[in-house]
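Trainee: Hi, could you walk me through this one? I'd like to look at it while we talk.

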Amino acid sequence: MSYLMDNTEGTQYLLMGNEAIARGALEAGVRIASGYPGTPSSDIIESLAEIGKDMNIYVEWSTNEKVAMEVAAAGSFSGLRSLCVMKQNGVNVASDFLFHLAGSGTRAGMVLVPCDDPGALSSATEGESRFFARLVEIPLLEPGDFQEAKDITKWAFELSEEIRNLVMLRSVTRMSHASGNVKFGKLPRDGAHAGFHCDGFILDPMEGPMMSTPVGYKHAQQQEKMKKAREIFEDCPFNTYDGPEKPEFLIITSSACNLYSREAISILGVEDRVGLLKLATTWPLPPKLLKGYLSKTDKILIVEEVLPFLEENVKILVAEMAPEIGIKTFYGKNDGVIPMVGELNPDLVVGALAQILGIDYKAIPDGYMNKAEGAGISETPSRELTFCPGCPHRASFWSIHNALQLDGRKGFVCGDIGCYSLAMLPCGFSTLKTLHAMGSGGGIASGFGKLGQFGFDQPVLAVCGDSTFFHAEIPALINAAHHNSDFTLVVLDNSGTAMTGFQPHPGLKVDALGDDVTSVDIAEICRAMGARVEIRDPFDLEETQKTLNQLIQDKGGLKVLILRQICALSPEKKARKKYEMTIDEEKCLGENCGCNKVCTRIFRCPGLVWDKDKNVTKIDDVLCTGCGVCADICPAGAIERKEAA
Amino acid sequence: MKIFGPNELLEDVFQKDLCIGCGACTYLCPYFRSYKGKTAMLFPCNLAEGRCWAYCPKVDVDLDELAKRFFGRPYDDDPLGFHRVVKISKAGRQAASGTFQAGGTVSALMSFALNKGYISAAVLTDREGLLPVPRLALNTADVLRCSCSKYTASPTLSAFNQAIKEGYKRIGVVATPCQILAIAQMQSNPMGDEDFIDPVGLSVGLFCTWGLDFRAFEAFISERMDVEKITKVDIPPPPAEIMEVYTDNGKREIPLDEIRKLVPNACSYCIDMTAEFSDISVGVLEGRPDMNTIVVRTERGENIVDEAQKEGFLILDDIPKENLEHLIWAAGNKKKKAFMKAKQEALLSTTEQGERYYLRVRPETVEEIIA
C-alpha cells in the first residue's frame, strides 16, 4: 500500500512537494486527475495513478494539456472534485480552454496545478504560469513549504467551490522535487456520484448549461468571484509574517523563495531587523493584509523567480495606498538586486539582502569559482549533454545527418521538445536547426515545404516523438497533407513518453491506471492523411539512411518515416543487452587514416571509450547497453557483437 | 611530395568545385561517400595526412613522378601519353557477345583477364536508370551487364576501394582518365605503407572528352522522358553532334550543345583524353561503329592484348592514318586547353613543397604543350 493512502491523522512523512500536492488532493477527496507529463510536474499524476484503483479515482495521462483540462472540467461539472496537472508550457497549450473555463465557472472544486521551471532546468523556455491567473481572472495560490503544498492543495478545492471557479496552485521545480516533512490529515470517505445537471436556467451556475456566454454577464460574475476570493484571502491562514513588529526592512515573497529568504535572514542574523511576509495568495493580492505590513516599513524587497509578477502587483497596490502609507523604496527585479533570469537560491537572496542592508558578506568568497573550476578540470572528466548509451535517437540522427549530407542540398531538420532536442548539439550531429513548442517541427516544416515557388530547394525534415505526435503534431501534418507541403516527418517512436519517465500515451495498449486500452496507430493516422509512410528500425543504419534518401528525393508532398526502437532506459529494456560488444584491438585503426576515431570522436556513445595509452577504443561494459549499432559504424570491423546469452 | 589531409581536400577540391565524383576518396574511411554522382563528406576529419587527398586526381598530381614511375621518364607533350602501340580492335569470336558501345573491346579484355586469372575481379560501372553504379564483376556475365558508356561522372573507384577492403588482389578496373589518374596515384603508394602491394591487375582506361554531372543530366532528361525506361545512351562520333537516348519506344536525339551545358566544371581542367596512366586505353573509332581505338601503354597491357588476340578474344588491325591524326589532334587540343586554363589560374607548380597545386609538371613541358 502506498504511504500516500495512510489514513492515520497526524502521522508524518518525508514527502516530495509533488507527493504532498497529491496527498492534499486525496485529503480533498479528488475523483478525477488528469495531466500531460512534463518535468517538474509528472510525479503528481504518477502518485495518484498508482493508487487510483484503490482510492476510486479516475486518473489519466491525456493526449495534451488542453484535453487534460477539458477532461478534469467534465469531472467538476458532474460534481466530482478534479485536479489537472501540467508543467508551465502545458498551460500555454491549455490556455484557450482555460479562458473559456474561467468564464463558464466550475461546480465541484477544480484545481489546476502548473509546475513552473525557473532556470529552465528541463524546459526549452523559462515562461511562467502565474500571469495566466491574472490574465484569465482566477485565484492563484503558491505554497511556501511542503506542509503547505499539501494543506493549500486541500484548501484550493474548498476555495474553488466557494467561488465556483477554477483555482490555480502553482509550484516550481524546487517545491515539486525537493522534500520536507508533511503531517497528514484525514482522508474523506468515498461518496462520489457523478451527474451533469444542465437543464436548468441558462444563467444558473449549478443547474444550467456550462458556458462562458453571455459574456457580459459571465465576465462580470467572474469578477465578483475574484472579489470574493480577495476577501477570503484577507484572512487566509497561509499568508504568514515573521519578524519584528516594526521591521527596518520587509521581504515579500512566495513559493520556494520563502525558503531561500528565511535562510538568507538566518545566515545574516538579521531576524531583528527584517520582516518576512510570505504570501500564499499571490493573485488577487489581499489589499488590507498588505497595507498592514507595508505600513510598518519604508523599504521593501520582493523575492520571486523569473518575472516581477509579485513586485509589479504590490507596486500597484502601494501606489493606490500611497496617500495613507506613504512612499516606499522597492528592491527586486526592476532595480536588478534580484536577477530576472534563472532560478534563485539562498546565496542570491543573501547577496541582495546584504547589499541593501550594507552588510559586508560574500556568499561566494573571492577566488572560489576559479578554485572550483581548477579542481574540476584536473579531477573530473569533461562531460557534455549527450544521448544515453544505446539511445535510438543517436542512431536515428546519425542516419538523418548522413542522408542529408549525401543529398548535398543543405537539408535540415525542424524539431521540438523531447530528448531529441539534443540533436541541436554534437551528440545529434547538430542536425536539428529549429527547436520550438511541441509539434512545431511539423508546423514549421509544413511552411518550409511550401516555399518552392520562391526558389527554396533545400530538403526539409521534421522530427517528433511518439507522444508528441499525438500531443500536437497531428494538426500540423493535416495542414501539410492538405496543402501538399513537401517534407518528411520522422517519428522517433521509442514507445512511451520517455523523457519524463515512460508515461503511457495513446499509441500504447495500457493507460495510466494500468488498464488495457485501445492503441492508436501512428502509421495508420498518417496513411489516412494520404502520406507515404515507411517504418524502419533506426538501429538498421543502412536501411534507415537509404529510406530517408528515397523519401527526401520523393517530391510527392508529405512523407512519414516511423523509426521504431524502444528507449534504452525503458523498463522493458533496461539492463538487458541484446549483444555483448567487444573490441578487436588488432583491427582497431584508432587515429590512423581510414578511421580517425569515428566511434569516440563522432558517434560518441558513452559506452565507447578511447584508451589513449593503447590508442584503441574500448567498451565500457557498465555503460554499454548492447544495442550493437557501433559495430556498423566501425570501418575496420574492430567492434564485434555477439548475441548476448 | 608532402601529403595533406581532408581539410585541404575540402579547400582545394570541394570548395573550388573541382570534384568530379570519381570515388577515389570514398570508402577509405567513414567520412567520404558517394551519392547520386556527388561525393559528400559526412563528418569532419582533422588528420594532417590522408589517402583522400593523396589519391584525388584534382589536387597535387605530380605528372612527372607518375610518368617516371610508370614509364621511366618524365611527363612529356605527347597528346596520347606514353604508349607502345595504337591499333583498332573489336571483340573476337571467343568473346561472349553482348550489347556494346562500339567493338566490345573492353568487355572482351576484362572477360579474358578474368577467365585467365590475371585479375581476380573487375571494377566496372553498371547503370540503374541513368545512374552509374559501380560494380565488382567476378565473371563474364557480370562484365557484360556493365557494357556501354554511361556518359556521366561515376564514383567507380568506390567499388575499387571496397574491393581492396574486402581483400581482393590483382583487381581489374575500367575507368575514365580522371579515375585512372587517381588509380595511378594509389599504385604509387603515396602514404609510404610498408606492406604496400599494387592492387591493380589490369587497368583499362576509357577515352573521355567530358562527362556529365549526373544530377543535372537526370534532371534534364526527366523533363523530357521517363528515366526508368532508358535502355542505352550513345554519342555517335562526330560530325553527328547529337546524343541518342534509347527507350523501349525508340530513339530520341538531343543536340550536344544542350548536353554540354551539363558538363561539370572539373572536366574543363582535365588534361587527359586517353587515360594516359592505364595499361591499355580504349575509345571509339570515327566512321567505324563496330570498332574501337586501342592504345597499349604498358608491358602488362601489351602481353594481355597479344594473348587475347591469339586466343580469339580480340581482333586487332592497324589504325588508319587519318583516324590516328584526328585522335592526336583531339587529345592534344584537350590537353592544351586544360593546361592553358590551369596555368592562367596559377594551378601549376613544379618544385615548391608545402604549397598545393592542381598539377605538378616541369615548366618546359607545359610550354611545349601550350605552344
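**Helices, sheets and a chain contact**

Trainee: Is the crossing of helix 10 of chain A with helix 11 of chain A left-handed or right-handed?

Mentor: Helix 10 of chain A passes helix 11 of chain A in a right-handed crossing. By definition, a crossing is right-handed if the near helix is turned clockwise from the far one by less than a right angle, and left-handed if anticlockwise. One thing to keep in mind is that this is a predicted model, where local features need pLDDT of at least 70, side-chain atom pairs count only at pLDDT 80 or more, and totals for chains, interfaces and linings use all residues. Residues are numbered from 1 along each chain as its sequence is written, while chains are lettered from A and ligands numbered from 1 in the order in which they are written.

Trainee: Good to know. At what angle do the axes of helix 10 and helix 11 of chain A cross?

Mentor: Roughly 65°, with the axes of helix 10 (residues 287–294) and helix 11 (residues 309–325) of chain A coming within 10 Å. Axes are lines fitted to C-alpha atoms, for helices over the stretch in contact, and angles run from 0 to 180 degrees between N-to-C directions. Helices (H or I, at least four residues) and strands (E, at least two) are DSSP runs, numbered from the N terminus.

Trainee: And which residues in helix 10 of chain A meet helix 11 of chain A?

Mentor: P287(A), L290(A), K291(A) and L294(A) do, and across from them in helix 11 of chain A are V314(A), L317(A), V318(A), M321(A) and I325(A). Ala, Val, Leu, Ile, Met, Phe, Trp, Tyr, Cys and Pro count as nonpolar, Asp, Glu, Lys and Arg as charged, and the others, Gly among them, as polar. A contact means that the C-beta atoms of two residues, placed from the backbone, lie within 7 Å.

Trainee: Let me zoom out. How many helices and strands has chain A?

Mentor: Chain A has 20 helices and 25 strands. Its radius of gyration is 28 Å, close to the 26 Å that the globule rule gives for 645 residues, so chain A is as compact as a globular protein of that length. The radius is taken over C-alpha atoms, and the rule is 2.2 Å times the number of residues to the power 0.38.

Trainee: What is the order of the strands in the open sheet of chain A?

Mentor: The order is 17-16-18-19-21-20, 6 strands with parallel pairing. Strand 17 (432–435) and strand 20 (532–536) of chain A are at the edges with a single partner strand each, so one side of each has no neighbour in the sheet. Strands pair if DSSP finds at least two bridges between them. Strand 19 (residues 487–493) and strand 21 (residues 558–564) of chain A pair over 7 bridges, and V490(A) stands opposite L561(A) in strand 21 of chain A. Helix 16 (residues 466–482) of chain A packs on the sheet, touching strand 18 (460–465), strand 19 and strand 21.

Trainee: How many residues of helix 15 of chain A are buried?

Mentor: 8 of the 9 residues in helix 15 (residues 440–448) of chain A. Among them are I444(A), A445(A) and F448(A). They pack against strand 16 (412–415), strand 17, strand 18, helix 16 and strand 19 of chain A. Buried means 20 or more other C-beta atoms within 10 Å of a residue's own, exposed means 12 or fewer, and partly exposed is in between, with C-beta atoms placed from the backbone.

Trainee: Where is the cis peptide bond with omega of about -5°?

Mentor: Between T213(A) and P214(A). P214(A) is in the loop between strand 9 (179–183) and helix 8 (215–234) of chain A. The bond from W283(A) to P284(A) is also cis, with omega near -10°.

Trainee: Over to chain B: how many residues does the contact take from each chain?

Mentor: 15 from chain B and 14 from chain A. Strand 1 (32–35) and strand 2 (38–41) of chain B each supply at least two residues of the side that touches chain A. That side of chain B divides into 10 nonpolar, 1 polar and 4 charged residues.

Trainee: What about the loop between strand 1 and strand 2 of chain B, which residue lies there?

Mentor: K36(B) lies in that loop. Its phi is positive, about 50°, although K36(B) is not a glycine. With 17 C-beta neighbours inside 10 Å, K36(B) counts as partly exposed.
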